[in-house]
Amino acid sequence: MSCRRHRGKCTGETAFPKNSLKTANEGKRMKKIILTGGGTAGHVTPNIALIPRLKEMGYEISYIGSYNGIEKTLIEKEGIPYYGIATGKLRRYFDVKNFTDPFRVIKGMHEAKVLMKKLKPDIVFSKGGFVSVPVVRAARACRIPAIIHESDMTPGLANKLCLSAAAKICCNFPETAAVLPEGKALLTGTPIRAELMNGSRDKGLAFTGLDGSKPVLLIIGGSLGAASVNNAIRRILPSLLPDFDVIHLCGKDKLDSSLIGTPGYCQYEYIREELPDLFALADAVISRAGANAICELLALKKPNLLIPLSAKASRGDQLLNAESFRKQGYSLVLDEDTMTDAQLLEAIHTLYDNREKYVTAMTHQTHKDSVSMITELIDRIAFGDKSA
């Protein structure tokens, strides 16, 4: 299929006219970008953080994700046109779906090419997840530049499959650049949603119904939840609640009906609009160690206890993320595989008692304006600046 664009076809023609930067900046036509990424909220929220700035820069924004993934719900709430494609997970382990999902990826790439022809983007920005693979590969086939972002210490499989098709690769950790193709890596950090920095403690109290008389512990298991962390927190609740109020973001379908109405314990499947207020209310946070989550904690300077996803259930990226933050003095870390309830309870008290030490360490870190860095890179790559 030929994916015809306003600046040429998928094959043969020059992709970047010399006067395209001038044309875009003079406002003679709308600049266009496709964002992609999904599977978990961590593959979506950095894209959401870019949206306000991209709008200010004059971009018409579209989003490509899976048919019914969490990204669809999150992006449609932003009022961004959303297009679903077929997608499949490329697993490192044996599963019957390994025989069928490659065909879904091929179908997704065909659908992505059709969308490239329809939407005529100047550039694609990908935050990863398996839905991004057909989108980035289709962009390459259509001679549309793509930038991908890798938040973790080492690239995930989806991003590895996109490295050769990417014009630039934004990364979060200095160590990551060493394993990326030479000349493509750029240390940008992770885009943080501006609204996270503007939460209100009073609004958090009003939303949760807590009275503010005790320190508040916020538990974040990720958009899909964390069963082992959820269970451990609930087992030690009787020992926690005399000293802390607990706000528990436990994931979809993971509420415990037997605990509804427990004084000092608030549980929610997922929070979006009120999350800044809950962060403002929290004195300490327990979290998984996904890169986006820990970068938000760093930006907010929240004392935190990280319980990274075990290598038995992942490729081990969260273990590397957590160890990096531990070494820098930003986080206290527990091993999920060996953690006991008593150790978890002790770690929570240790974290709270030493909270100022963690805040001080986070205050001394060098802050990157990731949103500005990435959106400026997008503009340069989209309109033909080969030196970007």
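The model is a predicted one, and its chain holds 16 helices and 13 strands. Of the 388 residues in the protein chain, 53% are buried. Among contacts in the chain with a separation of 6 or more, 66% are accounted for by residues 24 or more positions apart.

**The seven-stranded sheet**

- Seven strands make up an open sheet with parallel pairing, and their order across the sheet is β3-β2-β1-β4-β5-β6-β7.
- The edge positions are taken by β3 (82-85) and β7 (185-187), each of which has a single partner strand, so one side of each is left without a neighbour in the sheet.
- On average, and with direction ignored, neighbouring strands of this sheet are turned by 25° against each other.
- Within the sheet, β5 (residues 146-150) pairs with β6 (residues 168-171) in the parallel sense over four bridges, and in this region Ile 147 stands opposite Lys 168 of β6.

**Helices packed on the sheet**

- Helix α2, which spans residues 45-56, packs on the sheet and touches β1 (31-36), β2 (59-66) and β4 (123-126), while its direction makes about 160° with that of β2.
- Helix α16, which spans residues 370-382, also packs on the sheet, where it touches β1, β2, β4, β5, β6 and β7, and its direction makes about 145° with that of β4.

**The contact between α2 and α16**

- The axes of these two helices, α2 and α16, come within 10 Å and cross at roughly 60°, an angle that makes α2 oblique to α16.
- The crossing in which α2 passes α16 is right-handed.
- On the α2 side the contact is made by Ala 49, Leu 50, Arg 53 and Leu 54, and on the α16 side by Val 371, Ile 374, Thr 375 and Ile 378.
- Sorted by class, the residues in the contact of α2 with α16 are six nonpolar, one polar and one charged.

- In helix α9 (residues 227-235), the residues Val 229, Asn 230, Ala 232, Ile 233 and Arg 234 are buried.
- These buried residues of α9 pack against the strands β8 (216-220), β9 (245-249), β10 (265-268) and β11 (284-287), as well as against the helices α10 (237-240) and α14 (341-353).
- Asn 321 is found in helix α13, which covers residues 317-327, and Asn 321 counts as buried because its relative accessibility is 0%.
- With its neighbours within four places in sequence left aside, Asn 321 is in contact with Asp 152, Met 153, Phe 173, Ala 289, Gly 290, Ala 291 and Ile 294.

**Loop residues with positive phi**

- Most residues other than glycine have a negative phi, and the two residues below are described against that background.
- Lys 120, which is found in the loop between α4 (101-119) and β4, has a phi near 50°, a positive value in a residue other than glycine; at 30% relative accessibility, Lys 120 counts as partly exposed.
- Arg 143, which lies in the loop between α5 (132-141) and β5, has a positive phi of about 60° although it is not a glycine; with a relative accessible area of 38%, Arg 143 is partly exposed.

Note on methods
Residues numbered from 1 in each chain as written. Predicted model: local features only at pLDDT ≥ 70, side-chain atom pairs only at ≥ 80, totals over all residues. Heavy atoms only, no water. Pairing = 2+ DSSP bridges. Axes fitted to C-alpha atoms, helices over the stretch in contact; angles between N-to-C directions. Contact = heavy atoms within 4.5 Å. Buried < 20%, exposed > 50% of the residue type's maximum accessible area, 1.4 Å probe, protein only. Parallel < 35°, antiparallel > 145°, perpendicular 65-115°, else oblique. Left-handed = near helix turned anticlockwise from the far one by under 90°. Nonpolar A, V, L, I, M, F, W, Y, C, P; charged D, E, K, R; others polar.
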